[in-house]
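Please look over the sequence and the model below before reading on. The paragraphs that follow start from one residue, move to the whole chain, and then return to single sites.

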Amino acid sequence: MHHDVSQLPPLPPPTPPFMVRDRFTISADLFPLGAEYNGVVESAHFVADDRWDTYLAHKLNMLEQASGRASLHLDDDPAGLAEAYWRVAGLLAADEPTLAVMLDDGVMLPRLGLRLRADSPGARIEPEVIVEHPGPMGDRAAAWLEGRSGVARLADAIALACQEDLVIMRGGADGPDVAESLQVCLPSGWDPREKFGTGFRAIHEPIADNARLLGSSANVMKALLTKGPYIRYSWSVTLHDKLDGHPELPRATLTEEEWADPETVAARTFIRMERQTTCPMPDLGRGLFTIRVHVDPLVERMERQPGLRPRLANLIASTAPEVREYKGIARLAPPLLVWLGAHQGMGEAAGDGEAVAPGSEASQ
Ligand code: HEM
């Protein structure tokens, strides 16, 4: 096999997603994977683009500096959890063959230039890391992984090969569900440590207007663990462009003068989208939840996709005050609405815009 990194084809430019509906309420909004949303056929759990190296660098930095808040794994069933991660590797290989290739005794991670060898039950949990093609990032990743033990090594290796963050949820037929494993280097304003080892209800407790979402917890978890695969999207507007939106980061803000000018506010705003997917593993009593974050300067994205202007205006306008507060967009919302309105007649904003209506929804 030829997996020299320099011989791999270049990855395409990013295709940041958008919401399916133009009215925003807190709801599960799970859509079947394998259908078209916003003109894009969404069938993959993993989507790689030409920012892969940047994501890798951020993930590696995060692991090296603070793995205790980014890579968290319950240790009561390492063999079961490892099997779940091998399945994740298989999904990655199916979606992005230049990121992972399954082998009889492990997996090749071509863009990292690394191979994981798992030729014994012990190595299924803690695979051997082999540098196939030396390179600066691959060598650094290998050094990190060699210092990791148990299933954390496997989880970190798979996470370093892709741009997504990963959560493994575990749950029985009627038993409680638990976030068994979090490999989350790029959270949007939350601390993975606070969610680790807790269930769907507790994880989603801080959300404003969450009664319906929490009320459907059992159904949503059943969907994640046994149905699907599904896709959902999440959005925000922020004053920072950090891929890692950990809550301890210093908050960017504007001066009073800047706040008073919608053009300036828009020019300093980033649109932060998440593309999330689920994949059931019922035989393992587990389900995968992937999170892929995209951060783009607002003005640039609206210029590239002008059809999104009225739709973003509708999203912001329809977000209830307490939800704006929760999302941290209360102060941004009014000037952005002015800016978005000023750039395109709001009259066109009604309806679904260019959204392609989804098929059936899983819940809500
Ligand atoms: C398919 C299952 C899931 C559904 C339907 C769901 C739904 C939601 C919704 C509606 C929100 C509010 C923001 C938004 O609209 O996007 C949210 C936020 C969030 N979700 Fe989920 N979620 C799911 C799975 C998970 C899992 C497995 C985790 C594991 C860590 C998670 C972690 C979070 C966090 C951390 C937040 C932000 C909460 C905070 O501000 O503290 N979600 N989710």
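Is R193 buried, partly exposed or exposed? At 40% relative accessibility, R193 counts as partly exposed, where buried means under 20% relative accessible area, exposed over 50%, and partly exposed in between (1.4 Å probe, protein chains only). Its place is helix α6, residues 192-195. Helices here are DSSP runs of H or I with at least four residues, strands are runs of E with at least two, and both are numbered from the N terminus. Leaving aside neighbours within four places in sequence, R193 is in contact with G68, R69, L72, H246 and E248; contact means heavy atoms within 4.5 Å.

The model is predicted, so local features need pLDDT of at least 70 and side-chain atom pairs count only at pLDDT 80 or more, while totals for chains, interfaces and linings use all residues. Residues are numbered from 1 along each chain as its sequence is written, and side-chain values use heavy atoms, with hydrogens and water left out.

Now the chain as a whole. Its secondary structure comes to 15 helices and 13 strands. The radius of gyration is 21 Å, close to the 21 Å that the globule rule gives for 364 residues, so the chain is as compact as a globular protein of that length. That radius is taken over C-alpha atoms, and the globule rule is 2.2 Å times the number of residues to the power 0.38. Along its principal axes, the C-alpha trace spans about 65 × 50 × 35 Å. Of the 364 residues, 54% are buried. Among contacts between residues at least 6 apart in sequence, 71% join residues at least 24 apart.

The accessible surface comes to about 15200 Å², and carbon and sulfur atoms account for 53% of it. Such areas come from the Shrake-Rupley method with a 1.4 Å probe; for residues, only the protein chains shown count as cover.

The iron atom of the ligand has a single donor from the protein, NE2 of H204, 2.0 Å away. Donors are N, O and S atoms within 2.8 Å of the metal (3.2 Å for Na, K and Ca); water is not among the atoms, so sites may look incomplete. H204 lies in the loop between α7 (200-203) and α8 (211-215). I207 is also found in the loop between α7 and α8. I207 is buried, with a relative accessible area of 14%, and touches I26, L213 and Y326, not counting residues up to four places away in sequence. I207 and C185 are 22 residues apart in sequence and 21 Å apart in space, C-alpha to C-alpha.

Two helices show covered positions. A155, in helix α5 (residues 151-161), is buried at 0% relative accessibility. Beyond residues up to four places away in sequence, A155 touches H73, Y85 and Q183. Helix α13 (residues 308-318) is mostly covered, with ten of its eleven residues buried; among them are R309 and R311.

By contrast, D283 is exposed, with a relative accessible area of 58%. This residue is found in the loop between β12 (270-281) and β13 (286-297).

Most residues other than glycine have a negative phi, and most peptide bonds are trans. A cis peptide bond joins G228 and P229, with omega about 5°; P229 lies in the loop between α9 (217-226) and β11 (230-238). D29, in the segment before β1 (31-32), has a positive phi near 45° and is buried at 14% relative accessibility. N38 has a positive phi of about 55°. N38 sits in the loop between β2 (35-37) and β3 (40-42) and counts as partly exposed at 22% relative accessibility.
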